[in-house]
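Please open the structure in a viewer and keep the sequence panel beside it.

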Amino acid sequence: MKFANEMIAPTTSDTNLNIPCANNRLRRIFKGAIGALDGTLIHAVVPANQQIMYRGRGKGKCYQNVLAICDFNMVFTYVYAGWEGVAHDARVLTKIVSNPENGFPFPPLVNKYYLCDAAYPNTRGFLAPYRNIQYWLGDYHLRRAITKEEKFNHAHAQLRNVIERAYGVLKARFPILDKMPPYPIDIQRDVLIACFVVNNFIRKERINDDLFNQFDLPQVIFDEEQQHEEVPGETNGPSWTVEDSQIMNNMREQLTLKLVQRRGSS
């Protein structure tokens with residue numbers, strides 16, 4: 001556990017901008033971003049009387065829902081595993097941050113935030129895209145971003161794609177995550193955490209790794225089918241207020257203006 005705490009540790013806001021990564025031009029605009037946050041589904045084997053809760057999002061297999069944060073070097077800085085597959089991402093986040101014992105690393109400053117998709121609230125510490133506007137990178141393969149909201153969403157998606165690529169490396173490295181043995185559920189969770197730890201160790205030690213070399217490319221795009229789910233209304237967390245949402249809405253508008261002005265002058 002000590003080694004896990006060393007390998008999976010929050011990113012400090014004052015050093016994160018020095019991390020080399022793709023899309024450095026966009027990072028200079030989204031300079032308050034200290035990482036990306038998202039959930040993913042990992043195969044789980046559970047008793048028959050619990051399978052309904054773990055049979056995630058209409059799929060035949062059972063899953064645990066995992067929430068993680070990574071920095072822009074594809075290093076995971078926070079992981080919380082074990083939620084039932086049917087649990088919505090926003091609900092998972094709300095429950096995690098409600099309990100201080102979970103050690104969720106809130107951004108330390110008001111102008112710092114995690115990039116997250118539209119399944120999460122746009123509130124202090126979490127910058128989400130405009131809803132009901134094209135967002136996924138695949139959406140912009142056939143057409144350019146035209147409106148200012150589309151331009152923001154496209155830029156946001158390009159940066160947030162880092163966590164999709166980080167999950168891609170993790171799952172490609174450890175096939176066990178797609179076919180978990182029938183261990184007790186707490187052991188399955190420990191196996192998953194161990195996979196995150198080993199993955200981070202390889203990245204932090206700068207070991208030449210074919211998988212990281214492959215997924216370092218920012219144009220790598222994943223099947224986003226499981227992401228296209230019905231998005232609920234704004235979720236109110238234990239410390240999220242109308243004022244918090246307004247702060248992030250204003251910040252999003254300011255970033256959108258910067259993107260429009262920059263592209264207009266280029």
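**The sheet**

Begin with the strands: five of them form an open sheet with mixed pairing, in the order β3-β2-β1-β4-β5. Its edge strands are β3 and β5 (126-127), each of which pairs on one side only. Strands here are DSSP runs of E with at least two residues, helices are runs of H or I with at least four, and both are numbered from the N terminus. Two strands pair if DSSP finds at least two bridges between them.

The model is predicted: local features need pLDDT of at least 70, side-chain atom pairs count only at pLDDT 80 or more, and totals for chains, interfaces and linings use all residues. Residues are numbered from 1 along each chain as its sequence is written, and side-chain values use heavy atoms, with hydrogens and water left out.

Select residues 33-43, strand β1, which pairs with β2 in the antiparallel sense over eight bridges. Within this pairing, locate His43, whose bridge partner in β2 is Tyr63.

Ile69 stands opposite Tyr78 in β3. Five residues lie between the strands of this hairpin, and Met74 takes a positive phi near 65° there.

**The cysteines**

Which relative accessible area does Cys62 have? Select Cys62: its value is 7%, and the residue is buried. Cys116 is also buried, at 0%. Buried means under 20% relative accessible area, exposed over 50%, and partly exposed in between (1.4 Å probe, protein chains only). The count of disulfides, defined as pairs of cysteine sulfur atoms within 2.5 Å, comes to zero.

**A surface patch**

Now select Phe3, in helix α1 (residues 2-7). Phe3 counts as partly exposed because its relative accessibility is 42%. Together with Phe201 and Ile207, Phe3 forms a nonpolar patch on the surface, with about 260 Å² of accessible area in total. Accessible areas come from the Shrake-Rupley method with a 1.4 Å probe; for residues, only the protein chains shown count as cover.

**The whole protein**

Finally, select everything: the protein has eight helices and five strands. Of its 266 residues, 50% count as buried.

Methods: Patch = residues over 30% accessible without salt bridge, like charges linked within 9 Å, V, L, I, M, F, W, Y side chains within 5 Å. Salt bridge = Lys/Arg side-chain N within 4 Å of Asp/Glu carboxyl O.
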